[in-house]
Amino acid sequence: IDEVHDCGRAILVATDPVNDFTVAFMVVPKNNQRNMNRFLDLLKRRGLRIRVAVTDGSRLYKQALFERWNGLEHQLCLFHFLHDQMRDLLKAVRSIRKKLQVNPRRSKGRPSKRGRPRKPRRWRQDFLYDHSYLLVKHPSRLTREEFATLGKLFELDPRLKTLRDFTTGLHQIFEATSARGARNRRTRLLKNRRFLRESLLAKPLKRLRDDEVFGKLVVSLSWHHVPRTSNHVE
């Protein structure tokens, strides 16, 4: 289930990702709890037996789904969760970039001796800005050249390697083939002392530590063909 906003209105949509078709939609003036309840009541009246609901993290779904379908399991969209995590990690990268060393200003006049050309004063900040995406890119998609670039980034500030290692561990959690395996990987990451000591990881760790949210992120691992994102309806 998801919604799209258009011309001051909201379109609520429910799809079946397994059989690939649209189940229902409703155009409403505003996406609020009252209108979401109306839409879910529409699905309920149709007699649909819903076993798993996949949504984003909106509070509109939190209780409304379980009030209408007993025994339903709620899968939170993994894409939205990881997007929020990567946003916080990139914010941490920006805070590091602001404090990187700046080269001293050049003295006025012509240099007395010729040598290697000087790098710009803020070349470290510029280099990190241009390649910061590598710190959150999925590890399986990194090329050999990008790994080499990461090595240069780590020389700028060792905390960047900590952030990169956390990103890798975060992706590995959700590559597990079972909910139990995902929980075990999560536990190891949350107990990693290097990550716990890094204040820049406080917010991502807090979000990952939420047992209720995490339980909803791994529901699909216990089902066959149940997606872990709401991309189908989007």
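User: How much space lies in the largest cavity?

Analyst: The model is predicted. Counting cavities of 30 Å³ or more gives one. The space in the largest cavity is about 40 Å³.

User: How many nonpolar residues does the lining of the largest cavity have?

Analyst: The lining of this cavity consists of Leu-78, Phe-174, Leu-217, Val-218, Ser-220, Leu-221 and Arg-228. By class, one lining residue is polar and one is charged, and the number of nonpolar residues is five.

User: Which strands each supply at least two residues of the lining of the largest pocket?

Analyst: The largest pocket has a volume of about 600 Å³. Its lining comprises 24 residues, with Thr-15, Asp-16, Pro-17, Ile-50 and Val-52 nearest the centre. By class, 16 of the lining residues are nonpolar, five polar and three charged. The strands that each supply at least two residues are strand 2 (9-16), strand 3 (21-28) and strand 4 (52-55).

User: Which element gives the most to the lining of the second largest pocket?

Analyst: The second largest pocket has a volume of about 450 Å³. It is lined by 17 residues, and Gly-57, Ser-58, Leu-76, Asp-210 and Val-213 are the closest to its centre. Two or more lining residues come from each of strand 5 (73-76), helix 3 (78-98) and helix 10 (211-217). With four residues, the element that gives the most is helix 10.

User: How many charged residues does the lining of the second largest pocket have?

Analyst: Sorted by class, the lining of the second largest pocket has five nonpolar and four polar residues. The number of charged residues in this lining is eight.

Definitions and conventions:
Residues are numbered from 1 along each chain as its sequence is written. This is a predicted model: local features need pLDDT of at least 70, side-chain atom pairs count only at pLDDT 80 or more; totals for chains, interfaces and linings use all residues. Side-chain values use heavy atoms; hydrogens and water are left out. On a 1 Å grid over the protein atoms alone, a cavity is a set of points where a 1.4 Å probe fits but cannot get out, and a pocket is an open set with protein on both sides within 12 Å along at least five of seven lines; lining residues have an atom within 4 Å of a point. Grid points are joined across faces, edges and corners, and a volume is the space filled by probe spheres set on the points. Ala, Val, Leu, Ile, Met, Phe, Trp, Tyr, Cys and Pro count as nonpolar, Asp, Glu, Lys and Arg as charged, and the others, Gly among them, as polar.
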